[in-house]
Amino acid sequence: MSEDNFSVVRRQEVPATLDAGLVSPMHLSVAYCAADPDMLDEQYDGQEAGFTYAREGHPNGAALAAKIDRLEAASGGVVTGSGMSALAAIYLALLRSGDHILASNQLYGRNLRLLQQDLGRLGMDITLADPTDGAAFADAMRPNTRLIILETVSNPTLRIADIDGIAQHARDTNCLVVIDNTFTTPAAFRPFEHGADIVMHSVTKLLAGHSDVTLGYVAARDPGIGAEIRDAVATWGLTPSPFDCWLAERGLHSFALRHERAEANAAALADHLATNPNVDAVFYPTRPDHPDHARAVQLLGPHGGNMFSFRLAGGREVANRFVRGAKHIPFAPTLGDIATTISHPATSSHRGLTEAERLALGITEGFFRISTGIEDITLLKREFDDAIRSTII
Ligand SMILES: *Cc1c(COP(=O)(O)O)cnc(C)c1O
């Protein structure tokens, strides 16, 4: 066997121009070779930059985290394997048995379940409160409240949390304010500028933007807390795949343009549907008829975002007809895709609630949540008009 066998088994030669590639290279390697034990020692101690083992961190994860850090005006953020694992990393890093968590009662369904069922089982106490009511949060604070968790804009009624008021109450306490900024994105709102201690995202949604990866992101204002969260990601194995990170970085290149177009489409389509006599109500944060309009304008400025909801009169049959009538719009339980998607909360995100609980939130069978994409607005208006017309017998 010739010496060449070494280079066949573990090929090291790469073309000299690789570093000059226009596109970020994809590093699928699970391990990184150090020059000697001294160097490895320094890398593990954090004195020397570089990568050791992919679960501890890898170049594509670091490149993506650095880009989202820029958008959120954060530093030291970390990318995780899903939005849920980003939330898990926060809880696993910072909570212990006996801690109290104060959470919005309108959080993403899986997060509510994680908080109530799983963290409850692990010995934490959870209180839910209305995120639009700063006083309710202040009243529910306890000496052992360690985390407050909110979404900037809630799903699917698009209520706006009183972030300034709630953060004000948490200031000078031991309690950290966590903001899930998935719906709003840093293009509309940067929670660190409003008193947040920790910001997280489901990168799966608008940031990656093409419904082909599942990823999350977390960053903390305090570098020590950021390091604890990064450690939890490596220890509990919440690390993302390099390939997913590479795809998300590619998606992020067009994020600003996609967001601008999708937001303009949402605002125009919401206004258009509000004039349709078969539409009972439209929910869009920057519309004057939205219940939190003043706070939306104060927090988001002109950025109502790419999500809106509306309600048709009628039950399941009307809902079925609407979805079947919107032939060109995928009916898919996600958001933030490059294409417009329709979601029906009663049968997806809010199916775990009783009908009475859904009705208390205004979620009827005719209630739809729309995530707008980048299509031509004229076509979108026509498609929605036709679909609504098809519900009338
Ligand atoms: C989707 C979503 C999550 C969970 O993210 P995954 O990437 O699906 O794990 C958390 N919060 C919000 C607001 C979401 O929309």
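How much space lies in the second largest pocket? About 710 Å³ of space lies there. The model is predicted: local features need pLDDT of at least 70, side-chain atom pairs count only at pLDDT 80 or more, and totals for chains, interfaces and linings use all residues. Residues are numbered from 1 along each chain as its sequence is written, and side-chain values use heavy atoms, with hydrogens and water left out.

**Pockets**

- A pocket is an open set of points on a 1 Å grid over the protein atoms alone, where a 1.4 Å probe fits, with protein on both sides within 12 Å along at least five of seven lines; lining residues have an atom within 4 Å of a point.
- A volume is the space filled by probe spheres set on the points, which are joined across faces, edges and corners.
- The second largest pocket is lined by 29 residues, and G50, F51, E56, G57 and R230 are the closest to its centre.
- The largest pocket holds about 1100 Å³ of space, and 38 residues line this pocket.

**Sheet**

- Strands (E, at least two residues) and helices (H or I, at least four) are DSSP runs, numbered from the N terminus.
- Two strands pair if DSSP finds at least two bridges between them.
- An open sheet is formed by four strands in the order β8-β9-β11-β10, with antiparallel pairing.
- Strands β8 (279-283) and β10 (341-343) stand at the edges with a single partner strand each, so one side of each lacks a neighbour in the sheet.
- Strands β9 (residues 307-312) and β11 (residues 367-371) are joined by five bridges, and R311 stands opposite F367 in β11.
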